[in-house]
Amino acid sequence: AKKEFQAEMRRRKAKKKQRQAEQRKTLKGQLTAKVEGLKVKEQVKQRRETNLGIKLQNVSGMTSKEAKEQAQRVLKMREEAIARKKLIADQKAALQNKRKLAWQEQLLRNTKVE
């Protein structure tokens, strides 16, 4: 019975994925998917905050309010660090691209036959 149940759940999940894929083809579906994605992101953020708050409470014996505020600060700092890393990576990529283009132009100039 358990195997049948698992198989049924897999089928349902596949059907749901199929439906979502079909819906994503329409503009309204795309917007809905975007909104859903944002909702999920927000939920994940809330969950992280809560879990971190609980951990802080257990470790340091803060009040729940203090722990929540501390968790928010920590997560904000993490987000900022990630954003900084991303920015640096983007700048590096842009620089490499620029260099590559310059190199290709130089190559073209050198190989011109007149």
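Asn-51 lies in helix H2 of this predicted model. With a relative accessibility of 42%, Asn-51 counts as partly exposed, because buried means under 20% and exposed means over 50%. Gln-96 is 45 residues away from Asn-51 in sequence, and their C-alpha atoms are 40 Å apart in space. In the other direction, Ala-1 and Asn-51 are 50 residues apart along the chain, with 35 Å between their C-alpha atoms. Ala-1 itself is in the segment before H1. Its relative accessible area is 85%, so Ala-1 is exposed.

H2 covers residues 27–60, which is 34 residues. From the first C-alpha of H2 to the last, the helix reaches 49 Å, and this is close to the 50 Å expected at 1.5 Å a residue. Just after H2 comes Gly-61, which takes a positive phi of about 70°.

Which residues of H2 are buried? They are Gly-29, Glu-49, Leu-52 and Gly-53. The cover over these buried residues includes helix H1, residues 2–23, and helix H3, residues 64–111.

Leaving aside residues up to four places away in sequence, Glu-49 touches Lys-68, Ala-71, Gln-72 and Leu-75. Lys-15 is 34 residues from Glu-49 along the chain, and the C-alpha atoms of the two are separated by 33 Å.

The next element is H3. This helix has 48 residues and reaches 70 Å from its first C-alpha to its last, close to the 70 Å expected at 1.5 Å a residue. The buried residues of H3 are Ala-67, Ala-71 and Leu-75, and what covers them includes H2.

For H2 and H3, the angle is about 125° and the axes are 8 Å apart. That angle makes H2 oblique to H3, because angles from 65 to 115 degrees count as roughly perpendicular and those over 145 as roughly antiparallel. The crossing of H2 and H3 is right-handed.

From H2, the contact is made by Lys-45, Arg-48, Glu-49, Leu-52, Gly-53, Leu-56 and Gln-57. From H3, it is made by Ser-64, Ala-67, Lys-68, Gln-70, Ala-71, Gln-72, Val-74, Leu-75, Arg-78 and Glu-79. Sorted by class, the contact of H2 with H3 has 6 nonpolar, 5 polar and 6 charged residues.

The lists can now be read together. Glu-49, Leu-52 and Gly-53 are among the buried residues of H2, and these three also take part in the contact with H3.

Technical notes: Residues numbered from 1 in each chain as written. Predicted model: local features only at pLDDT ≥ 70, side-chain atom pairs only at ≥ 80, totals over all residues. Heavy atoms only, no water. Helix = DSSP H or I, 4+ residues; strand = E, 2+ residues; numbered from the N terminus. Expected span 1.5 Å × (residues − 1). Buried < 20%, exposed > 50% of the residue type's maximum accessible area, 1.4 Å probe, protein only. Contact = heavy atoms within 4.5 Å. Axes fitted to C-alpha atoms, helices over the stretch in contact; angles between N-to-C directions. Parallel < 35°, antiparallel > 145°, perpendicular 65-115°, else oblique. Left-handed = near helix turned anticlockwise from the far one by under 90°. Nonpolar A, V, L, I, M, F, W, Y, C, P; charged D, E, K, R; others polar.
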